[in-house]
Amino acid sequence: MRERGMSRRRVLGIGGALGLVAATGLSASAALARRPPVTGAELRSALPLPPPFRVPLPIPSVLKPVGTSGGADRYEITQREASAEILPGVRTPLWTYEGTFPGPTIESRRGRPVTVTHRNELPLPTVVHLHGGRTPAASDGYPTDLVLPEGWPETAAHAGGHGMHDPRALVSRLTRDYTFPLDQRPTLLWYHDHRMDFTAPAIWRGLAGLHIVRDDAEDELGLPSGPRELPLMIADRAFAADGGLDYPALDPALRERPGVREPYLAGVLGDVILVNGAPWPVHEVDAARYRLRVLNASNARHYELEAVTDDGRRLDLVQVGADQGLLAAPVTHRLLPIAPAERYDVIVDFSGVPVGGRVRLLNRIGSGRARDVMAFRVGRKVTDDSRVPRVLSSDLPDWRRSDAVRVRDFSFRTGRMHGGHGWLIGGLPFDPARTDVTARFGDVEVWRLIADVHHPIHLHLVGFRVLSRSGRPPLPHDAGLKDTISLRPGEAAEIITRFDGYRGRYLFHCHNAEHEDMGMMANLEIV
Ligand code: C2O
Ligand code: CU
Ligand code: CU
């Protein structure tokens, strides 16, 4: 490997992180062995909760373009307050895209550009990021590229952020056009708010929606489709006595002080599991194969999903895709770990389940009510002409270590910032004015990431492959092209990627949304 441009981080990063682990009396391997299943604390709802598997699974509506010109589709989304009946008989005020949570789904084709005009009618600035999108920097939703509500004083554009001013911010008033070329592998993306310091409460209040990219090659595989392809956005929430969503923000107005109260500093977990915005829903299925497009849109909760029949059998979860699209070949799991922001594309075959039977999707690491996720009830026998081909794709990049011109090390660990608790990358909290990484366009790099507790690390713009975990080969669910890797306590992982697509200012950060708001984000400049 050429060791050109080795950064100082290489020396400091790992040492710093190991120092911290040592200071807390844990060796990295002990932390790994003791590995707590979750990072965060559960907020308890103050309302009676409904029994599981009664509410039907909603499918978010697909947004219609308002216009098509020159091979591009144009959409409009209004961000506004709305309320929804999430718990039966209870009204819950939300922040929404187009009045619903999840927001409407955008369906698009590879290489066919999409422009979305977002209009901010919410009481605070917002900014939209298309997670997993290969997007030019100007439309990538940098956390200070705010869309100000009408009447919001320009001078207060950077409210929050400890008065940090970002001279490079592209601030607009009321509306903004985001352009997505979507010149990328087909996959399930999601769009969500990304405002500096206050992303976690904004997503929690409802600012999240799905965006699917398809292409002809994928259509021709014969995977289950139509009503047998189900997007599943899993998110936990907690409810206050008045029916509103509860969230332990230090500043409930979400303007000045970012972060959350003790004991939620490591992450806010809710005790209600929503799928597509419904609590522990149930969906009637045919005795056939289904394609489940699973997204963990929770702020901090990790899941280990299993599909269990009423007689205790675990169905195979046949993974066909990862964050950034199809695998080379299917990988069969019984248990599928999913960290915040990760997506898995999974085939489940209900044909062996008797009509009237039920399959529960459970979270093995959830406790109490958080153990249940949703259920499927098998309605009828059918003929099924879907297939799961043994070869799914042949365009996965297979970068080799020897392709890398640089190795960088980053530690992800707890620390102090601005006189309070923080989450740091390489010992530093996020600062929009500091360039943390300058990568040369076209370069392949290996990044070594080391964690103290669970940190799902996400890179904007590029997909990457997992090379190793703690010196061992990647895990089965690390297959394919990823944009988010779930680091477990004490773990060091290596990823490899190529910085291409576009030049400009991007980000990488922890997708535990509380960690992200409390500093765990850094700038990635591609030049
Ligand atoms: Cu889901 Cu910065 O992203
Ligand atoms: Cu992203
Ligand atoms: Cu984290």
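Reader: What should I know before I start?

Author: The model is predicted, so local features need pLDDT of at least 70, side-chain atom pairs count only at pLDDT 80 or more, and totals for chains, interfaces and linings use all residues. Residues are numbered from 1 along each chain as its sequence is written, chains are lettered from A and ligands numbered from 1 in the order in which they are written, and side-chain values use heavy atoms, with hydrogens and water left out.

Reader: Which domains does the protein chain have?

Author: Domain bounds come from an automatic or database domain assignment. Here domain 1 covers 2–32 + 397–526, domain 2 covers 73–219, and domain 3 covers 226–238 + 246–381. Between domains 1 and 2, the contact (heavy atoms within 4.5 Å) takes 30 residues from domain 1 and 29 residues from domain 2.

Reader: How much area is buried between domain 1 and domain 2?

Author: Buried area is the accessible area (1.4 Å probe) that two parts lose on being put together, summed over both. For domain 1 and domain 2 that is about 2,300 Å², and carbon and sulfur atoms give 55% of it. On the domain 1 side, Tyr502, Arg505 and Asp517 lose the most area to domain 2, together 29% of what that side buries.

Reader: How many salt bridges cross this interface?

Author: Start with the general idea. Side chains of opposite charge can pair when their charged atoms come close. The rule asks for a side-chain nitrogen of Lys or Arg within 4 Å of a carboxyl oxygen of Asp or Glu. It finds 3 salt bridges across the interface of domain 1 and domain 2. Asp166 and Arg505 also form a salt bridge through their side chains, at 3.0 Å, N to O.

Reader: Which elements of domain 1 touch domain 2?

Author: Helices (H or I, at least four residues) and strands (E, at least two) are DSSP runs, numbered from the N terminus. β35 (504–510), α5 (513–517) and β36 (521–526) each supply at least two residues of that side. β35 gives the most, with 5 residues.

Reader: How many salt bridges does the structure hold?

Author: The structure holds 44. Arg293 and Asp345 meet in a salt bridge at 3.4 Å, N to O. Arg293 lies in strand β18 (residues 289–296) and Asp345 in strand β24 (residues 343–349), so the pair ties together parts that are 52 residues apart in sequence.

Reader: What are the protein donors of the copper ion (ligand 3)?

Author: Donors are N, O and S atoms within 2.8 Å of the metal (3.2 Å for Na, K and Ca); water is not among the atoms, so sites may look incomplete. For this copper ion they are His455 (ND1), Cys510 (SG) and His515 (ND1), lying 2.0 to 2.1 Å from it. Their spacing in sequence is H-x54-C-x4-H. His455 in strand β31 (residues 455–459) and Cys510 in strand β35 are 55 residues apart, and the pair links distant parts of the chain.
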